[in-house]
Amino acid sequence: MGTTADELRDEVRRRYAESALAVTTGSAGCGDGSCCGTEATPAFGEALYEAEQRAELPDSAVLASLGCGNPTAVAELRAGETVLDLGSGGGIDVILSARRVGPTGRAYGLDMTDEMLALAQANAAEAGVPNAIFLKGVIEEIPLPASSVDVIVSNCVINLSVDKAAVLTEMARVLKPGGRIGVSDVVAEDDLTPADRAERGGYTACIAGALSRAEYESGLAAAGFEEIDVRFTHSVADGMHGAIVKAVKTREPARKGLPIVRPAVSAGCC
Ligand SMILES: C[S@@+](CC[C@H](N)C(=O)[O-])C[C@H]1O[C@@H](n2cnc3c(N)ncnc32)[C@H](O)[C@@H]1O
């Protein structure tokens, strides 16, 4: 395990490059331990999507699903909206979002791993969604202008970030006032220390870097979100859960006395 933030990020990138190549070459799916989690389990991957949703996707987009939830099921996407998926992987949530917002809307996928971006682009082409756009970059520095996005979705990625405070701040920056987040992530119960979390699973397996519920709530509030709801959906390890995180970017930060500041969430937390 790397010791610096850069080494940790490189390790995450390597792991998910391998996952993408395994799907591209047809040598493996989620069940080989190459994704979030360490074995085939309904806690991670394609089983978290309705059969109906899976049926409308290319096989390799379904096979590449490495998430811990189904954010498109909770994000209320409307025709014409702009959606951003943080850590878009093989593109499953971008494709589903692009269909939901229709030809007058657009769905961006942001990922740092070249192999994942190539897989996602191929999947979107096969799915026939021209309004799916993939961007290379890191979620700590989102390459989009301020106030340009209606909805942010993300599936099991924020726990992998080496600077979660930066991610929450960037989410608030790119969302329009009143913009929404519908995120799936692994979240720890509040009494688990960072060491407890690390005992339950590795960083690249989406466990050790998970925020606790209180850390998520306070980080989002400090970044300028309101209507914050962190809801556990299923267990992924002792005291750790797949969760849906919903919030709204405040419409009037100045009048409500909520200055948008960098939240005091620790970088790796573990
Ligand atoms: C667990 S996979 C989830 C992929 C996808 N969201 C899904 O549900 O299948 C994590 C993805 O996030 C990307 N990722 C991890 N950390 C990132 C970061 N800091 N910036 C951009 N992408 C990141 C990885 O390259 C990988 O594609």
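Q: Before we start, what are the ground rules for numbering and confidence?
A: Residues count from 1 along each chain as its sequence is written, and side-chain values use heavy atoms, with hydrogens and water left out. Because the model is predicted, local features need pLDDT of at least 70 and side-chain atom pairs count only at pLDDT 80 or more, while totals for chains, interfaces and linings use all residues.

Q: What does the secondary structure of the protein chain come to?
A: Nine helices and eight strands, taken as DSSP runs numbered from the N terminus (helices are H or I with at least four residues, strands are E with at least two).

Q: Why is cysteine 206 called buried?
A: Its relative accessible area is 0%, and buried means under 20% (exposed is over 50%, partly exposed in between, with a 1.4 Å probe and protein chains only). So cysteine 206 counts as buried. In the protein chain, 59% of the 270 residues get that label.

Q: And what about glutamate 227, buried or exposed?
A: Glutamate 227 comes out at 57%, so it is exposed. It sits in strand E7.

Q: What makes the phi of cysteine 206 worth a mention?
A: Most residues other than glycine have a negative phi. Cysteine 206 has a positive one of about 75° although it is not a glycine, and its place is the loop between helix H8 (194–200) and strand E6 (211–212). Glutamate 227 also has a positive phi, of about 50°.

Q: What makes a set of residues a nonpolar core?
A: The members are buried Ala, Val, Leu, Ile, Met, Phe, Trp, Tyr and Cys residues joined through side-chain atoms within 4.5 Å. The largest one here has 30 residues, and among those touching the most other members are Leu84, Ile152, Met171 and Phe225. Helix H7 (164–174) is one of the elements that supply at least two residues, and H7 gives the most, with five.

Q: Which residues does isoleucine 152 touch?
A: Leaving out residues up to four places away in sequence, its partners include Leu84, Leu86, Met171, Val174 and Ile181. Contact here means heavy atoms within 4.5 Å.

Q: Why is H7 called oblique to H9?
A: The two helices pack at an angle of about 45°, with axes 9 Å apart. Angles under 35 degrees count as roughly parallel, over 145 as roughly antiparallel, 65 to 115 as roughly perpendicular and the rest as oblique. That makes H7 oblique to H9. The contact is made by Leu168, Thr169 and Ala172 of H7 and Gly219, Leu220 and Ala223 of H9.

Q: How do the axes of H1 and H6 compare with a cut-off for contact partners: which residues meet?
A: The axes of H1 and helix H6 (residues 114–127) come within 7 Å and cross at roughly 35°. Among the residues in contact are Tyr16, Ala17 and Leu21 of H1 and Glu115, Met116 and Leu119 of H6.

Q: Where is arginine 9, and what is it in contact with?
A: Arginine 9 lies in helix H1 (residues 5–24). Leaving aside neighbours within four places in sequence, arginine 9 is in contact with Met112, Val138, Glu140 and Val162.

Terms used
Axes are lines fitted to C-alpha atoms, for helices over the stretch in contact, and angles run from 0 to 180 degrees between N-to-C directions.
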